[in-house]
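Please keep the sequence and the 3D view open beside you.

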Amino acid sequence: MSRRSLSILAGAVFALVLAIVAMVTMNLSPTGRSGGGMGTADIGGPFTLTAEDGTTVTEADFLGKPTAIFFGFTFCPDVCPTTLYELSGLIDDLGADADRLNFAFVSVDWERDGPEQLALYTSSFDDRIQGLAGTEEQIEAITKAYRVYYRKVPTDDGDYTIDHTASVYLMNGEGGFVGTLSYGEAHDSMLEKLRQLAAKG
């Protein structure tokens, strides 16, 4: 099995685990908040990152509206552009409901993806998808909070690529984890999840 196939398989397994956690959370936690109580999903939390325009962004900037957040990097050959292209189509299909949601793309490649690089990259997708960059320490903090898997993998030409979680995380307006959009999931299934998320506001 190729490295790419293994990476996609690992992402799919991780997405399944997250989906199971989400179902437990929704059944046992009336508020949908993440946290340390019994039956709640401890996914999400405080973070500090830098937006494409150089301004500082924290988790507080996303509260009040549900959020779809994806972790990747701009040099990603397949999963990231495919996901962001799909997400752009979903935003378009949502119509006015899209404005009730936040959309964020967090780069786990702190060495190459600064605000300017992210701005250039996200300009190819819907302009409501906000690119966020960070230092190594900041990215370590947010990936730990969101339980995101990522690993730098050296390439034969002396450069590197990054294996990473391929799911889009869905958070409610209070910052609580409620589910995922899985890589390769049917478009209509993802659209319905986002409509429900927007409706709950």
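Which elements do the buried residues of helix 3 pack against? They pack against helix 2, strand 4 and strand 5. Before going on, please note that this is a predicted model, in which local features need pLDDT of at least 70 and side-chain atom pairs count only at pLDDT 80 or more, while totals for chains, interfaces and linings use all residues. Residues are numbered from 1 along each chain as its sequence is written, and side-chain values use heavy atoms, with hydrogens and water left out.

**Helix 3**

Helices (H or I, at least four residues) and strands (E, at least two) are DSSP runs, numbered from the N terminus. Buried means under 20% relative accessible area, exposed means over 50%, and partly exposed lies in between (1.4 Å probe, protein chains only).

In helix 3, the buried residues are Leu 118, Tyr 121 and Thr 122. They cover an arc of only 85° around the axis, which puts them on the same side of helix 3; the arc is that of the directions from the helix axis to the C-beta atoms. On the face turned away from this buried side you will find the exposed residues Glu 116 and Leu 120.

Thr 122 deserves a look of its own. This residue of helix 3 is buried, with a relative accessible area of 5%. Setting aside neighbours within four places in sequence, Thr 122 is in contact (heavy atoms within 4.5 Å) with Glu 52, Phe 105, Ile 129 and Gly 131. Thr 122 and Thr 74 are 48 residues apart in sequence, and their C-alpha atoms are 8.7 Å apart in space.

**Helix 4**

Now turn to helix 4, which spans residues 136-145 and has Ile 139, Ile 142, Thr 143 and Ala 145 buried. Seen down the axis, the buried residues of helix 4 fall within an arc of 160°, so they line one face of the helix. The face turned away from the buried side of helix 4 carries the exposed residues Glu 137 and Lys 144.

What do the buried residues of helix 4 pack against? Their partners are strand 1 (48-51), strand 3 (67-72), strand 4 (102-107) and strand 6 (150-154). Helix 4 is followed by Arg 147, whose phi is positive, near 55°.

**Helix 2 and helix 5**

The axes of helix 2 and helix 5 (residues 187-200) come within 10 Å and cross at roughly 55°. Axes here are lines fitted to C-alpha atoms, for helices over the stretch in contact, and angles run from 0 to 180 degrees between N-to-C directions. Helix 2 and helix 5 are therefore oblique to each other; angles under 35 degrees count as roughly parallel, over 145 as roughly antiparallel, 65 to 115 as roughly perpendicular and the rest as oblique. On the helix 2 side, the contact is made by Glu 86, Leu 87, Gly 89, Leu 90, Asp 93 and Leu 94. Helix 5 contributes His 187, Met 190, Leu 191, Leu 194 and Arg 195.

Thr 83 also lies in helix 2 and is buried, with a relative accessible area of 10%. Leaving aside neighbours within four places in sequence, Thr 83 is in contact with Phe 70, Ala 166, Val 168 and Tyr 183.

**Salt bridges**

Side chains of opposite charge can pair when their charged atoms come close. A salt bridge is a side-chain nitrogen of Lys or Arg within 4 Å of a carboxyl oxygen of Asp or Glu. By this rule the count comes to nine salt bridges. Here are some of them:

| Asp 99 | Arg 128 | 3.3 Å |

Asp 99, Asp 126 and Arg 128 are linked in a network of salt bridges. How exposed are these residues? Asp 99 is partly exposed at 48% relative accessibility, and Arg 128 is partly exposed at 34%, whereas Asp 126 is buried at 15%. In the remaining pair of the table, Glu 185 is buried, with a relative accessible area of 18%, and Lys 193 is partly exposed at 31%.
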